[in-house]
There are 2 protein chains.
Amino acid sequence: MYRCVNVGMLGCGNVGATFSEFLLSRAPEIQEINGIDLRLTRIAVRDAGKKRPGMLAPLITEDVQAVTQADDVDVVVEVMGGIEPARTYVLAALRAGKPVVTANKELIAKCGPELYAAADATGVDLFFETAAVASVPILRILRESFLGEDITSVLGIVNGTSNYMLTRMSEEGLSYSEALSLAQEEGYAEPDPSNDVNGADSASKLAILASLAFKRAIAVDDVEREGIETLEREDFDIAARFGYVIKSIAKADVFEAVGSGKREIGIQVFPALVDKNHALANVRNTYNAVFLRGSAAGDQMFYGHGAGRLPSASALLGDLVTAADHLRRATHRVVPLGSAAVLRSTERLVHPHYLKLEVIDAPGVLSEVSGVLGRHGVSIRSITQEDHASKARVVFITHRAEEGAMKKAVEELRGLESVLGVSSMLRIVEM
Amino acid sequence: MYRCVNVGMLGCGNVGATFSEFLLSRAPEIQEINGIDLRLTRIAVRDAGKKRPGMLAPLITEDVQAVTQADDVDVVVEVMGGIEPARTYVLAALRAGKPVVTANKELIAKCGPELYAAADATGVDLFFETAAVASVPILRILRESFLGEDITSVLGIVNGTSNYMLTRMSEEGLSYSEALSLAQEEGYAEPDPSNDVNGADSASKLAILASLAFKRAIAVDDVEREGIETLEREDFDIAARFGYVIKSIAKADVFEAVGSGKREIGIQVFPALVDKNHALANVRNTYNAVFLRGSAAGDQMFYGHGAGRLPSASALLGDLVTAADHLRRATHRVVPLGSAAVLRSTERLVHPHYLKLEVIDAPGVLSEVSGVLGRHGVSIRSITQEDHASKARVVFITHRAEEGAMKKAVEELRGLESVLGVSSMLRIVEM
């Protein structure tokens, strides 16, 4: 009924090899149900000499243009990763009128608007469902379903590696380095885990999620981030006593600016305390979840595997079938982005805070410390104090306060003779 | 840039009135971001004399053809409800080449394949996102994102009214009739609550969800259902002691038939015990959630408001914007359904069961009862017995057993002189 659709791939690492096998195994049912005959034609790689699964060997080439420009390639699947040369190749394919399906979240988070414009200029699709919460088609929902909805908040756990580590630290009392070693043993963390633990990976995903949710261009560099590297084991215990778990949270909100009525966006990634009864508190191990708040639709949550070869392969294939279907209908989907986002400085973002101090154990110290917080407009919701020989550890849970005020208060606290150290300051997520 | 898109409505009840106001309020931003100028042109109603909001009054007509056939209507939104005359009108609109967006789950659950075929014949869209878990765009996900995925199970809480009642019965110890009165006071249950409490509403939604998930035509009459009307307050307490909550569950699974390798579908709605640590156990009040299990994507959950005027209006508008966008691109989306579903008889579906009996308090009774279960191949996971004067109440939690075997065992138990009654038999959901 329809001609076959020739698929060219850029890259053939772990995700690529799994994807190509998955494509071959699912192709007959896709043809039966959707009437689309997908054929893997060519795979461009850097080193054609490397060993590959036997059935892929005849497709391998080092000639990138044989994928991005060739007449016998209809759709391009990019699974190389990294910014360059992936950006150049993807742009070449889009400009040659070939729809592109990519698993490359760094590329989309950094160069999204440039690529969206290139795709729209030649009227082809650019899909990247795998880029955030791989197994859950949340990007399509944001791009296509919530067109009539005003989404005001995005709150998520979007990095499986760090969530696995925090789950182990919380449930088994592991230290950060023990949890990291375990994650590496289990294959959840790479030998260099930096991007997973420092929040960079979550920031890329959040930039993509928030730009689609709020329909404004937001780049990864707009996202302020803090990693989980400095979390201490005892913070998990103390948080639990207050009824919280600690999670690495990706959070973006729309605010109406007072006076102008203009909208500002606050966007951050940070480790935070989450109420143990909140649905996100129960997102454990390598699972991911995204909470959305819409003006009309209310609260929603989407939950699933954040990564993994098979979930990624499945998401890539879903995108590929859609791109192939659009091709035969001579249509495509644009990414709807309005005017550029206006960001709200993180100094002005408000949260309750968890603040842990070591102080000398002497009369009047608590009053001095509370006085500093009060002068910066930070009011206290609860306090616990524990004495250890000549010093004491004080933990405050504050009411909502601006981050700028908190930072100034902490700076002043550090200057007090009675304060030996401010060992933790964590935000508390309320939503 | 693009011409305006004229929208005609069929019906103007609660959902319709809210939708039309929502459309008018969101239209400017939709034009800015998506470049689509939506204009509400005409609303066909049965009784034009009825009072309506002032701004809608000039649009009202009793002439249905002025919506379904008129040249100045581009897209039709059907919010009448019921099978006829909605079916006739929707078919007329589709045959006249007009895309249709409908909120009518009964119509889709009963006449889906007929309507899908009519839409495809003239190459127009038929969207019905509001029909299951209104606020969560799960139908689009199933229709469009999981094209490469093999979904094997759907498990959901898809009726807000019954879930609200069960939450009150579970958390506040209300009886069924107290919970129903409360739900009616709060406006969550209609004066005639039959379809919400007897499982009919859930069955419609499950038929739609499962047919899109499994890509097979499944009609609402294929869904065997049990309501929540006969649940007893004490079952909630007993279930809690075993670590379960009671929920109204919509469940559909794909099985490989032994020998033939052909696939069969089991599909049911029933009140069931759910492990209190399962994510569905924490779906409270009027919220809905759907769990999916995919061969590659793994487990996923989608959570949000199941009904309500604003969530429904938002979902209708999302569909409408997509339909309008497809119209200007001269494309449409089909519902991909393969060959007809082969159903597995519920007699052959297996679950653990919760079984509550009243027996005479005499030696040997427990052994007699267990013997009957054993003869039907039902093995016991745990038992509790409580004595009340001359009789005793025995609760069994069984291992997985076929429903047919359970029914035969219960029939035989009812015939025993020592068994005064079998007061509850509930399935336990494991997934």
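Mentor: One term before we start: a residue is buried if 20 or more other C-beta atoms lie within 10 Å of its own, exposed if 12 or fewer, and partly exposed in between, with C-beta atoms placed from the backbone. Also, this is a predicted model, where local features need pLDDT of at least 70, side-chain atom pairs count only at pLDDT 80 or more, and totals for chains, interfaces and linings use all residues. Residues are numbered from 1 along each chain as its sequence is written, and chains are lettered from A and ligands numbered from 1 in the order in which they are written.

Trainee: What pLDDT does chain A average?
Mentor: 93, and 100% of its residues score at least 70. pLDDT is the predictor's confidence in each residue, from 0 to 100. The model scores ipTM 0.83 and pTM 0.89.

Trainee: Which residues of H5(A) are buried?
Mentor: Ile138(A), Leu139(A), Arg140(A), Ile141(A), Leu142(A), Arg143(A), Glu144(A) and Ser145(A). That is eight of the eight residues of the helix, so H5 of chain A is largely enclosed by the rest of the structure. Helices (H or I, at least four residues) and strands (E, at least two) are DSSP runs, numbered from the N terminus.

Trainee: What do those buried residues pack against?
Mentor: In chain A, helix H9 (200-214) and strands E11 (287-294) and E12 (298-305). From chain B, helices H5 (138-145) and H11 (309-328).

Trainee: How many residues of chain A are in contact with chain B?
Mentor: 44, with 44 residues of chain B. In contact means that the C-beta atoms, placed from the backbone, lie within 7 Å. On the chain A side, the elements giving two or more residues are H1 (14-34), H5, E12 and H11 (309-328).

Trainee: And which surface does each copy use?
Mentor: 100% of the interface residues of chain A are also interface residues in chain B, so the copies meet through the same surface.

Trainee: What rotation superposes chain A on chain B?
Mentor: 180°, with 0.0 Å of shift along the axis and an RMSD of 0.0 Å. The two copies are thus related as by a two-fold rotation axis. In chain A, Phe302(A) has the C-alpha nearest that axis, 2.4 Å from it. The superposition is by least squares on the C-alpha atoms of residues with pLDDT of at least 70 in both copies.

Trainee: In what sense do E12(A) and E12(B) pair?
Mentor: Antiparallel, over three bridges. Two strands pair if DSSP finds at least two bridges between them. Met301(A) has Tyr303(B) as its bridge partner.

Conventions:
Contact = placed C-beta atoms within 7 Å.
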